[in-house]
Amino acid sequence: MLKQFLSRLPRKTPKSDSDESYRADSSRSDDSPRAAGRHNRTHGVAAASNAAKRTSSSAVFPASTVSVIEPLVPFKDVPNSEKMNLFVSKLSLCCVSFDFTDPGKDTVEKEVKRRTLVELVDFVSSCGSTRFGEPAILAVCRMCAINLFRVFPPNYRSNRGGENDDDEPSFDPAWPHLQLVYELLLKFITSSCLDAKVAKKYIDHSFILRLLELFDSEDPRERDCLKTIMHRVYGKFMVHRPYIRKSINNVFFKFVFETERHNGIAELLEIFGSIISGFALPLKEEHKIFLWRVLIPLHKPKSMGVYFQQLSYCVTQFVEKEPKLASIVIRGLLKYWPITNSQKEVMFLGELEEILETINMVEFQRVMVPLFWRMGCCINSMHFQVAERALFLWNNDHIVNLIAHNRQVILPIMFPALEKNSQGHWSQAVLNLTHNVRKMFAEMDEKLFLACHSQFKEEEAMLNAAAEKRKEAWKQLEHAASLQPVIGNTAVLVSPI
């Protein structure tokens, strides 16, 4: 009976077996160079079934609150079979964050981290034929996330335009370390040892979105690094391309229609410039919508001068790929024409000339009436740079050829503006250019020029007669009012004449 009762009790697993297996794992782990990064193991990694896998991942999630870090052995001192494990351990070492606002704080630890980052960059650059496994990819992504992804302080200078153009750029005190992290990420993404099919699980939509948020950094060096990295991500991870385009569009939408505050619009447009150059023909409807709903409204903000060169390049790329879009772009420019901002007007005129250089006759005829009505207003501008830039369009042979073929429509629109300028613009340079354009029109079609001149004189005489009539009517009103008695504050009623 007693034996039967004891046989039903659960038997306890011998402790020696578990202890021996644990010591075996520990001995294998302690022999590895990753021993320094094994102090903190997360619950998710501890649940791994394979002991080797568990050991490899243990260095991926170190505590970022360690105040003292010690250097690990160099890569040259370990066999090739252990280099990838050491790579993961060194990445874990670099997950420790420091305060760079105080240069005298944690100087030794900062130097250890800097040297470790340099080692990691060199290792990735010369990895040879060794493929990066998932633990290494995860470790790189986590280290970059800890060091790079951060919330920027309130930015009171981000509306960069106008009076803020002369402000000195703001530099991040942590840049010596950030630069190495960015360099590591760039070399890692461009490495032939990285399999995009495996890496896309870790360099995912969330990771890409956080990278795009960093474009609002005030440090131009950081934005330049991000631009290069995003170029490479877009090129290597084809599966993420639609999401990258959509996410950048959302940044543009928020900038144009909500905040008008962002530091990285120029860099994002530069990325899109290279993307547009790779669009296949015929253009998809999605890309045409991007032109009309994103690129054209980007001409509206006051700070357009900061990113005008990149914006103009993107628009020109579209027109060169599909010339039919030229009339759409010109209508968009006319819609957002900066009537009260002379500096932006000069920029618009420059972009307009680039578009007109590639436009065909059919598209030109669709927009020539509103276009040259606006050109007439620019020619009469009291700001000499605007008037000069508008008149410079007649120095372009292709534009002059388009005007010559459509002179029957364009000259009647432009003649009053030219005649008004020639009669009394304050700038001598504008006067000289106006006379040259008038002479050019006269040589194109003297008969039409004389007809426009005659019509202008008739209209001018009619306007003068109407002005004299109004002046005489006011005199009669004033005379009639003077004959009425004024009593106190009583209003004087004048009977109609």
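In this predicted model, glutamate 260 lies in the loop between helix 12 (241-259) and helix 13. Its phi is near 55°, a positive value in a residue other than glycine. Glutamate 260 is partly exposed, with a relative accessible area of 23%.

The peptide bond that joins leucine 281 to proline 282 is cis, with omega at about -5°.

| Site | Backbone angle |
|---|---|
| Glutamate 260 | phi near 55° |
| Leucine 281 and proline 282 | omega about -5° |

The remaining topic is a pair of packed helices. Such a pair is described by the angle between the two axes and the distance between the axes. Helix 8 (residues 175-190) packs with helix 11 (residues 220-236) at an angle of about 15°, and their axes are 10 Å apart. Angles under 35 degrees count as roughly parallel, and helix 8 and helix 11 are therefore roughly parallel to each other. Their crossing is left-handed. On the side of helix 8, the contact is made by Trp175, Tyr182, Leu185, Leu186, Ile189 and Thr190. Helix 11 contributes Arg221, Glu222, Cys225, Leu226, Thr228, Ile229, Arg232, Val233 and Lys236. Sorted by class, the contact of helix 8 with helix 11 has 9 nonpolar, 2 polar and 4 charged residues.

Conventions:
Residues numbered from 1 in each chain as written. Predicted model: local features only at pLDDT ≥ 70, side-chain atom pairs only at ≥ 80, totals over all residues. Heavy atoms only, no water. Axes fitted to C-alpha atoms, helices over the stretch in contact; angles between N-to-C directions. Helix = DSSP H or I, 4+ residues; strand = E, 2+ residues; numbered from the N terminus. Parallel < 35°, antiparallel > 145°, perpendicular 65-115°, else oblique. Left-handed = near helix turned anticlockwise from the far one by under 90°. Contact = heavy atoms within 4.5 Å. Nonpolar A, V, L, I, M, F, W, Y, C, P; charged D, E, K, R; others polar. Buried < 20%, exposed > 50% of the residue type's maximum accessible area, 1.4 Å probe, protein only.
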